Amino acid sequence: MSVKNNRLSPSEYAQNFADIHPPFENAEAAAIEANRCLYCYDAPCMKSCPTSIDVPKFIRQIASENLKGSAHTILSANIMGAGCSKVCPVEKLCEGACVYNLMHEEPINIAKLQRYSTGKAMEHNWQLFERKPSIGKRVAIVGAGPAGLSCAHVLSREGIDVTIFEKESKGGGLMTYGIAAYKVTPEFCESEVNYITSIGGIDIRYNQELGKNFSLQTLQSEYDAVYLGFGVGLARKLDIPGEDLDGVVDAISFIYDLRSNDFSAIRVGDRVAVIGMGMTAIDAATQAKRLGAKEVTLIYRRTQDEMPCTEHELNIAKLDGCKIIWLASPIEVLGLEGMVSHLVCDIMQLGAPDASGRRSPVSSGQTFTLEVDMVIKAAGQMPYEHLVDSYQLYNHKGKVEVNDHSSTNLKGVFAGGDCVNGGKEVVDAVQAGKDGAAAILAYL
Ligand SMILES: Cc1cc2nc3c(=O)[nH]c(=O)nc-3n(C[C@H](O)[C@H](O)[C@H](O)COP(=O)(O)OP(=O)(O)OC[C@H]3O[C@@H](n4cnc5c(N)ncnc54)[C@H](O)[C@@H]3O)c2cc1C
């Protein structure tokens, strides 16, 4: 057993990391799908979209060959509509709400239609929004992720001059650095950031980290308002013996390295255990398998009924050949000469429901041991508690607290996205950015 890189041929890497949702082959295929839509008067698809995209309207526009109009309908509600069409868990959002499900028929392929329309807008650089003349107000945004970019676009449309401070060297946030490589590529993310900022009035300053290169007080004194959209970043520790052995990695760093696009450089084990059953765990497991790991096992302390990922995500992992062990919780990583060799797990059973209503796992007192050479931790992310405490921002265990108007306890400082909700989806962060922008406009 060994952890090594370069396990596959270039063509195998290319095939394993190819786009998981290929686009329509031509306009005719898109038109046929668009014409299946029943244009429901109560549009359950629209209601289940956190950004309230008018789905029947944009589909009707595609059906009538008004592609620019359809792109405008999508992007005016969700400026990251192109990215969302690739990464949204649509099976639990718009497509999950489609009435065709009630008839036991395939739901309308809303994401693919959205991708078709927004893809054309980006490809041809259609400028669908006009920025109003500058009104002489300046807003600073921390973080060029979905929340920050969405907030910036709405503000810029209204003639505000926006400066985004981003600690990485590229924009897009977890779209660029987190989400699975077979859903979005770094090149796509870069084009999407460029498309959003092409409206003008948005200046992104890269390699600028709040708390290191500048302070919140500086932004408050130099700008008319501040929006915090710095997400959650740190992987949660397991706090078990052996966590520091060579071969134990956290899923966020593992996935971050994958986004470099040089798949052959990424080291992966022969036998990999992934701890957790959220979207991050699934992404880490499937990508470990696609990098050439011989055996990948997902370990989750509850049952399938309580898993945080969707059925669709679980099926991707199963189709990739990942194994799943339910009701198991790691208690120790064992090593040989400093390298991971085994993972010891408690066998769990479900007890009484906790505050969230889910039944809590409790140890059965029995254990089992797996032979592994790599352990990927995907047991959730931790907010930047130290950072928010240092600026006396009200927070709950590091999650920034805001009122109904996206406002923090500090005057003129607003916040939204993962840094407030603790980690949801891209589409939620986009809506949070819109809400933040509306609140800032009212404040100014
Ligand atoms: C592994 C993984 C897979 C995921 N897969 C999906 C998926 O398939 N579909 C989906 O919809 N969602 C997915 N998500 C969730 C989604 O990526 C997030 O909900 C979304 O990106 C949150 O947007 P945000 O703008 O709030 O934060 P982020 O995307 O985290 O953006 C925050 C930005 O702030 C910057 N920043 C952080 N600290 C500072 C600082 N101190 N100073 C300056 N800048 C700073 C960061 O570099 C980053 O660019 C996934 C998340 C992870 C971790």
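Okay, first a definition: helices (H or I, at least four residues) and strands (E, at least two) are runs from DSSP, numbered from the N terminus. What we have here is a predicted model, where local features need pLDDT of at least 70, side-chain atom pairs count only at pLDDT 80 or more, and totals for chains, interfaces and linings use all residues. Residue numbers start from 1 along each chain as its sequence is written.

Let's start with the ligand. The shell around it has 39 residues, and Gly143, Gly145, Gly173, Gly231 and Gly417 are the closest. To be near, a residue needs its C-beta atom, placed from the backbone, within 6 Å of the molecule. Several helices supply at least two shell residues each, among them α9 (146-157) and α18 (426-443).

So where does the ligand sit? Domain 2 (138-233 + 383-443) and domain 3 (235-380) both contribute to the shell, so the ligand lies between them.

Now look at helix α2 (residues 27-34). Ala30, Glu33 and Ala34 are buried there, meaning 20 or more other C-beta atoms lie within 10 Å of their own; 12 or fewer is exposed, in between is partly exposed, and C-beta atoms are placed from the backbone. Down the axis of α2, the buried residues fall within an arc of 100° (using directions from the helix axis to the C-beta atoms), so they line one face. Glu28 and Ile32 are exposed on the face turned away.

Conventions: Domains from an automatic or database assignment.
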